[in-house]
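Keep the sequence and the 3D view open as you read.

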Amino acid sequence: MKLKRPLLYAVIAGANALSLAAALVLTLAGGSIARSQGYNSAAQRWDPHGESTQISCFFSDDAGYTTDGMNALRAALKNELSAIVTDPSGNIPKIPDAYSTPIGTGYVTSDSTGKGEAALTAVGGDFFLFRDFKLLSGAYFSDDDIMQDGAVIERSLAWTLYGSANVAGQLMYIDGVQYYISGVIDDPTDKYQKRTADETPRVYISYKGAESLPQVRYSAGGGYYGEGMGSGTDTANKLTKITCYECITYDPVENFGINTVKKQLEGMYDGKLTIVNNTERFSPSVMRKAYRRRADLAVRKDTVVYPYWENASRIAEFKLSPIYFWRTVCFVLPTITAIWLIWLALRFAKKRGRSLISALIERYRKAVYSRRQKKANINTD
């Protein structure tokens with residue numbers, strides 16, 4: 001039985017309303033998940049005008065990527081930018097970057113009775129610019145500090161050592177090596193980060209500061225140091241290993257930064273490297289495409305070292321891909337309905353136009369006939 005036209009229109013209107021409501025709910029849910037992974041928004045924090053792209057490069061433990069390779073990439077980015085940017089002053093936009101590598105765990109003690117184990121990460125460059133850490137006390141250290149013995153620790157470790165989060169400036173000892181607490185950050189609070197970060201609290205120290213640690217000083221054979229240092233040496237050269245490199249590049253042309261990084265790294269570290277465009281990773285168009293390769297997000301097929309914040313973002317991608325896929329599906333009916341309404345409007349306008357033209361022709365014909373009649377009557381008189 002065919003539906004009567006008013007009922008049919010009501011069903012179509014209701015279906016469109018439900019589709020748009022579902023699309024709105026999915027949009028809000030997707031936006032909430034994407035915003036929870038704040039580390040991917042470093043480019044927006046650095047450049048509110050949206051002219052820059054954040055890129056992250058993750059290497060396998062045996063990739064052999066070092067600070068020398070990073071310096072070569074820095075030079076390549078600057079050279080490519082200088083060839084494109086035509087600033088009369090000759091200035092090239094700054095490319096903030098950061099690098100890091102995990103260096104195992106250490107036994108941490110304080111000047112009081114506090115003690116515990118911590119996961120250690122050596123960091124350099126503008127590392128804290130790229131993090132969405134919540135700083136509870138103190139400040140972040142930097143490469144420009146005269147002394148490189150500062151450490152940023154998580155809240156749980158601060159409480160273990162001193163029973164408070166307000167302990168900036170206090171001393172701590174990692175496997176007997178003295179550091180001062182530069183700042184205290186909150187523990188991971190996002191549900192995805194809590195899932196990927198183990199319960200061991202984290203400590204972040206500079207590359208130079210890490211060279212004093214015994215697990216680094218005696219690990220030259222494991223790739224921590226440059227050439228010329230053998231395993232078992234008790235003198236440090238310098239820590240060079242990098243498993244995570246991040247940068248924010250000015251994009252004078254579309255995909256300039258990501259294409260330049262891929263050109264410099266992909267061939268040399270094929271199979272041992274993952275490059276992420278953080279700025280675009282959660283966009284609806286990227287997530288729709290990711291839905292087809294969702295299994296690749298769930299199954300690790302490489303030995304690339306991912307820090308917990310990247311693993312959390314990969315979980316977010318896994319969640320977002322079906323959300324944005326079904327959001328697109330929700331727009332199908334409203335789009336078809338809109339096209340149908342436009343077709344009806346054009347059809348009505350065409351029909352109305354024909355009627356209007358016919359009416360004008362008829363009026364013109366009657367006017368001509370009337371003038372001829374008047375003229376014939378005058379001639380008869």
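Over the ring of which residue does the charged end of Arg314 sit? The ring belongs to Tyr306, and the charged end of Arg314 lies 4.6 Å from its centre. This is a predicted model.

**Aromatic pairs**

- The whole structure holds 15 aromatic pairs.
- One of them joins Phe128 and Tyr140, with ring centres 4.3 Å apart and planes at 5°. Planes under 30 degrees apart count as stacked, so this pair is stacked.
- The Phe128–Tyr140 pair links distant parts of the chain, 12 residues apart. Phe128 is in the loop between strand E3 (115-125) and strand E4 (135-138). Tyr140 is in the loop between E4 and strand E5 (150-154).
- Phe325 is partly exposed, with 28% relative accessibility. Trp326 is partly exposed too, with a relative accessible area of 45%.

**Ring cluster and charges over rings**

- Ring pairs connect Phe127, Phe128, Phe133, Tyr140, Phe141, Tyr204, Tyr308 and Trp309 into a cluster.
- Phe128 and Tyr140, the stacked pair, both belong to this cluster.
- Trp309, a cluster member, has Arg131 over its face, at 4.2 Å from the ring centre.

**Second largest pocket**

- The volume of the second largest pocket is about 350 Å³.
- Its lining has 21 residues. Nearest the centre of the pocket are Pro102, Thr121, Arg202, Pro307 and Tyr308.
- Which elements each supply at least two residues of the lining? They are strand E2 (97-110), E3, strand E8 (202-206) and helix H11 (308-330).
- E2 gives the largest share of the lining, five residues.
- By class, the lining of this pocket has 12 nonpolar, seven polar and two charged residues.

Methods. Residues are numbered from 1 along each chain as its sequence is written. This is a predicted model: local features need pLDDT of at least 70, side-chain atom pairs count only at pLDDT 80 or more; totals for chains, interfaces and linings use all residues. Side-chain values use heavy atoms; hydrogens and water are left out. Rings of Phe, Tyr and Trp (its six-membered ring) pair if their centres lie within 6.5 Å; planes under 30 degrees apart count as stacked, over 60 as edge-to-face and the rest as tilted. Helices (H or I, at least four residues) and strands (E, at least two) are DSSP runs, numbered from the N terminus. Buried means under 20% relative accessible area, exposed over 50%, partly exposed in between (1.4 Å probe, protein chains only). A charge sits over a ring if NZ of Lys or CZ of Arg is within 6 Å of the ring centre and within 35 degrees of the ring normal. On a 1 Å grid over the protein atoms alone, a cavity is a set of points where a 1.4 Å probe fits but cannot get out, and a pocket is an open set with protein on both sides within 12 Å along at least five of seven lines; lining residues have an atom within 4 Å of a point. Grid points are joined across faces, edges and corners, and a volume is the space filled by probe spheres set on the points. Ala, Val, Leu, Ile, Met, Phe, Trp, Tyr, Cys and Pro count as nonpolar, Asp, Glu, Lys and Arg as charged, and the others, Gly among them, as polar.
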